[in-house]
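Student: I would like to go through this structure with you. Please set each term against its cut-off.
Tutor: Good. Here it is.

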Amino acid sequence: MSQPAPTRPPERLPRIPLEAMTEEQRAVAAQITAGPRGEVRGPFVPLLRSPGVCGPLPALGEYLRYRCPLDRRIAEMATLIAARHMSQQYEWQAHEPHALKAGLAPEVIEAIAQGRRPPVMARDEAALHDLLSEVLRTGGASDPTYAQAVEVFGEQGVVELVVIAGYYSALAMVLNVARTALPAGREPRLPPFPF
């Protein structure tokens, strides 16, 4: 006998109807819609409650996603590591296809989804995994981990990787608190911890 699927709790901060938005919220929503995202979705739905916070965030996200000089494979891997660390399903599902398209191996993605260190990685992927795993676990980086990351990515790359992890961790916390639902027809991909 099969168990019924668990019901998901309702969203806490759902989409605000346009007619209920303040002028400031409408201006921020228009700014987001005019950018590469094309619409207010994901973390920006709950973030719109604070236009002062929501307003500047899309510019940082657009830099990290579209103009950051890091290899896209590496930037997307950093995003997935942050999403896994925060157990954020929406963020994971939004970025897993980007990671695959950028050339991150499915085996690496699956290991990250399971909370494991991938057994086979390219040198830059291993340096990234070691750096962000340590940063997300401890809030810092040991000298050997930092030295390895600088050797592979340079100082600018290390800063950008840490900012990617911080940016997507912050968005993940908002999504988790807001209980943002997955898009229609999507099922959670990340297994819960511990497993």
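Tutor: Start with Ser87, which sits in the loop between helix H5 (72-85) and helix H6 (89-101). A word on the source: this is a predicted model, where local features need pLDDT of at least 70, side-chain atom pairs count only at pLDDT 80 or more, and totals for chains, interfaces and linings use all residues. Residues are numbered from 1 along each chain as its sequence is written, and side-chain values use heavy atoms, with hydrogens and water left out.

Student: What makes Ser87 partly exposed?
Tutor: The scale is relative accessible area: buried is under 20%, exposed is over 50%, and partly exposed lies in between (1.4 Å probe, protein chains only). Ser87 has 31% relative accessibility, so it counts as partly exposed.

Student: What is the phi of Ser87?
Tutor: Ser87 has a positive phi of about 50 degrees, although it is not a glycine.

Student: Where is Arg179, and what is its phi?
Tutor: Arg179 lies in the segment after helix H9 (143-178). Its phi is positive, about 55 degrees, and Arg179 is not a glycine.

Student: Why is Arg179 called partly exposed?
Tutor: Its relative accessibility is 31%, so Arg179 counts as partly exposed.

Student: Why is Cys54 called buried?
Tutor: Cys54 has a relative accessible area of 0%, so it is buried.

Student: What about Cys68, buried or exposed?
Tutor: Cys68 has a relative accessible area of 8%, so it is buried. Across the protein, buried residues make up 44% of the 195 residues.

Student: How many helices and strands does the protein have?
Tutor: Nine helices and zero strands. Both are DSSP runs, numbered from the N terminus: helices are H or I with at least four residues, strands are E with at least two.

Student: What makes the protein as compact as a globular protein of that length?
Tutor: Its radius of gyration is 18 Å, close to the 16 Å that the globule rule gives for 195 residues, so the protein is as compact as a globular protein of that length. The radius is taken over C-alpha atoms, and the rule is 2.2 Å times the number of residues to the power 0.38.

Student: What does the C-alpha trace span?
Tutor: Along the principal axes of the protein, about 55 × 50 × 30 Å.
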